[in-house]
Amino acid sequence: MRRNAIVLPGLLLGLLLCCNAVAGDRPGLQPGDTPPDTLGTTQRGQEVTVSSLHGKVVVISFWATWCGYCMEEIPVLAKLQLLATRRGLPLQVVAVNHREDRDTFVRTSRVLRRSLPELLVTWDRDGAIGKPYGVSGIPVMVMLRRDGSIAHVHVGYGADMLDTLVGEINALLLEQPAATAAVTRP
């Protein structure tokens, strides 16, 4: 096993993958596409963008408090973020609260910030942020490469996806960032 790879305890990964989505056909952005820049605003009003996270592997989860599967997934994603932070890995989990009212978002964000401080939680009031990704039900997970392009889109969860998700995250963390071409002037 490589030193920079994330290996999560089996129990945590099992929780991550036991969720099921309530989504039908998912027209929208696909692997290789460049997503829109906005990922919502935090409870404190900070705008979060894909471009501000370039250089990191980004795991975006669209969720809501009324979704039991989502509420099981959130602590697992927070533990994944905590593990990556402790190991100095370039990973950022963004939990996008999907189509809930402001009061619910603010209350939930406060609770999550106290209990899961590593998690970056944003708000998508009317579903506009999720729409380009084809989010018609939740939970939906989108993984971005360090350059911000979409690597994987997952709708729903199941135990049979466990190895796939861990492998995808590890592979993305091990990918070398695209080299920036140097411009030399005569």
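The legends below describe close-up views of a predicted model.

**View 1. The whole chain and its order of elements.** The protein has 4 helices and 7 strands. Read from the N terminus, these elements follow the order α-β-β-β-α-β-α-β-β-β-α. Of its 186 residues, 49% count as buried. Among contacts in the protein with a separation of 6 or more, 76% involve residues 24 or more positions apart. The protein exposes about 9500 Å², and carbon and sulfur atoms supply 52% of this area.

**View 2. The salt bridge of Glu175 and Arg145.** A search of the whole structure finds 2 salt bridges. In one of them, the side chains of Glu175 and Arg145 meet at 3.5 Å, N to O. Glu175 lies in the segment after helix H4 (162-174) and Arg145 in the loop between strand S6 (140-144) and strand S7 (150-155), so the pair ties together parts that are 30 residues apart in sequence. Glu175 is partly exposed, with a relative accessible area of 32%; Arg145 is also partly exposed, at 26%.

**View 3. The salt bridge of Arg125 and Asp126.** Side chains of opposite charge can pair when their charged atoms come close. Here the closest N and O atoms of Arg125 and Asp126 are 3.7 Å apart, and the two residues form a salt bridge. Arg125 counts as exposed because its relative accessible area is 52%, whereas Asp126, at 43%, counts as partly exposed.

Technical notes: Residues are numbered from 1 along each chain as its sequence is written. This is a predicted model: local features need pLDDT of at least 70, side-chain atom pairs count only at pLDDT 80 or more; totals for chains, interfaces and linings use all residues. Side-chain values use heavy atoms; hydrogens and water are left out. Helices (H or I, at least four residues) and strands (E, at least two) are DSSP runs, numbered from the N terminus. Buried means under 20% relative accessible area, exposed over 50%, partly exposed in between (1.4 Å probe, protein chains only). Contact means heavy atoms within 4.5 Å. Accessible areas come from the Shrake-Rupley method with a 1.4 Å probe; for residues, only the protein chains shown count as cover. A salt bridge is a side-chain nitrogen of Lys or Arg within 4 Å of a carboxyl oxygen of Asp or Glu.
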